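Please go through the assignments in this model with me, setting each value against the criterion behind it.

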Amino acid sequence: MEVIRDIADFPKLSHAVVTSGTFDGVHIGHQKILKRVQERARQVNGQSVVITYWPHPRLVLFPEDNELKLLSGIE
């Protein structure tokens, strides 16, 4: 896994299979999504890509929200 934090550092990909979401903890639903992305990328001889958001979008929209509990942090 490679973590890219700046869009300027993102390489050009020929057959990317992409998913995006707030992956604040990789529970069983997230695992199924990630597995499907990897399977599809293999089928097209491409690259699997996950785009996630940090900070959590809810914290951007509602910074005063102290009730949001994340399963895990960006680390």
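Q: What is the bridge partner of Thr 19 in S2, and what makes S1 and S2 a pair?
A: In this predicted model, Thr 19 has Val 50 of S2 as its bridge partner, and Val 18 stands opposite Val 49 in S2. Two strands are called paired if DSSP finds at least two bridges between them; S1 and S2 are joined over six bridges, in the parallel sense, and therefore meet that criterion.

Q: How is the β-α-β crossover from S1 through H1 to S2 described, and what makes a crossover of that hand?
A: The chain crosses from S1 through H1 to S2, and the crossover is right-handed. That term applies if, with the strands pointing away from the viewer, the path from the first strand over the helix to the second runs clockwise.

Q: How do you know that the span of helix H1 agrees with its number of residues?
A: Helix H1 runs over residues 28-43, and at 1.5 Å a residue its 16 residues should span 22 Å. The expected span takes one less than the number of residues, and because the end C-alpha atoms of H1 are 23 Å apart, the two values agree.

Q: Which residues of H1 are buried, and what puts them on the same side of the helix?
A: The buried residues are His 30, Val 37 and Ala 41. They cover an arc of only 35° around the axis, which is why they are placed on the same side of H1. An α-helix has 3.6 residues a turn, so residues three or four places apart point the same way. On the other side of H1, the exposed residues are Ile 28, Lys 32, Lys 35, Arg 42 and Gln 43. The cover over the buried residues of H1 includes strand S1 (16-21) and strand S2 (47-52).

Q: Why is His 30 called buried?
A: A residue is called buried if its relative accessible area is under 20%; His 30, in helix H1, has 12% relative accessibility and therefore counts as buried. Leaving aside neighbours within four places in sequence, His 30 is in contact with Thr 22, Phe 23, Asp 24 and Gly 25.

Q: Why does Asn 45 count as exposed, and what is its phi?
A: Asn 45 is placed in the loop between H1 and S2, and because its relative accessibility of 68% is over 50%, it counts as exposed. Its phi is near 55°, a positive value in a residue other than glycine.

Q: Why is His 15 called partly exposed?
A: The term covers the range between buried, under 20%, and exposed, over 50%; His 15 has a relative accessible area of 42% and is therefore partly exposed. His 15 is found in the segment before S1 and, not counting residues up to four places away in sequence, touches Val 44, Asn 45, Gly 46 and Gln 47.

Q: How do you know that Ile 7 is exposed?
A: The relative accessible area of Ile 7 is 73%, and because the cut-off for exposed is over 50%, the term applies. Ile 7 lies in the segment before S1, and its C-alpha atom is separated by 15 Å from that of Val 18, 11 residues apart along the chain.

Q: What makes Leu 68 a buried residue, and which residues does it contact?
A: Leu 68, in the segment after H2, has a relative accessible area of 19%, which is under 20%, so it is buried. Leaving aside neighbours within four places in sequence, Leu 68 is in contact with His 56, Arg 58 and Leu 59. Leu 68 and Arg 58 are 10 residues apart in sequence, and 8.1 Å apart in space from C-alpha to C-alpha.

Q: What is the omega of the peptide bond from Trp 54 to Pro 55, and how is the bond described?
A: Omega of this bond is near 0°, and the bond is cis. Pro 55 lies in the loop between S2 and helix H2 (57-61).

How values were computed
Residues numbered from 1 in each chain as written. Predicted model: local features only at pLDDT ≥ 70, side-chain atom pairs only at ≥ 80, totals over all residues. Heavy atoms only, no water. Helix = DSSP H or I, 4+ residues; strand = E, 2+ residues; numbered from the N terminus. Buried < 20%, exposed > 50% of the residue type's maximum accessible area, 1.4 Å probe, protein only. Arc of directions from axis to C-beta. Contact = heavy atoms within 4.5 Å.
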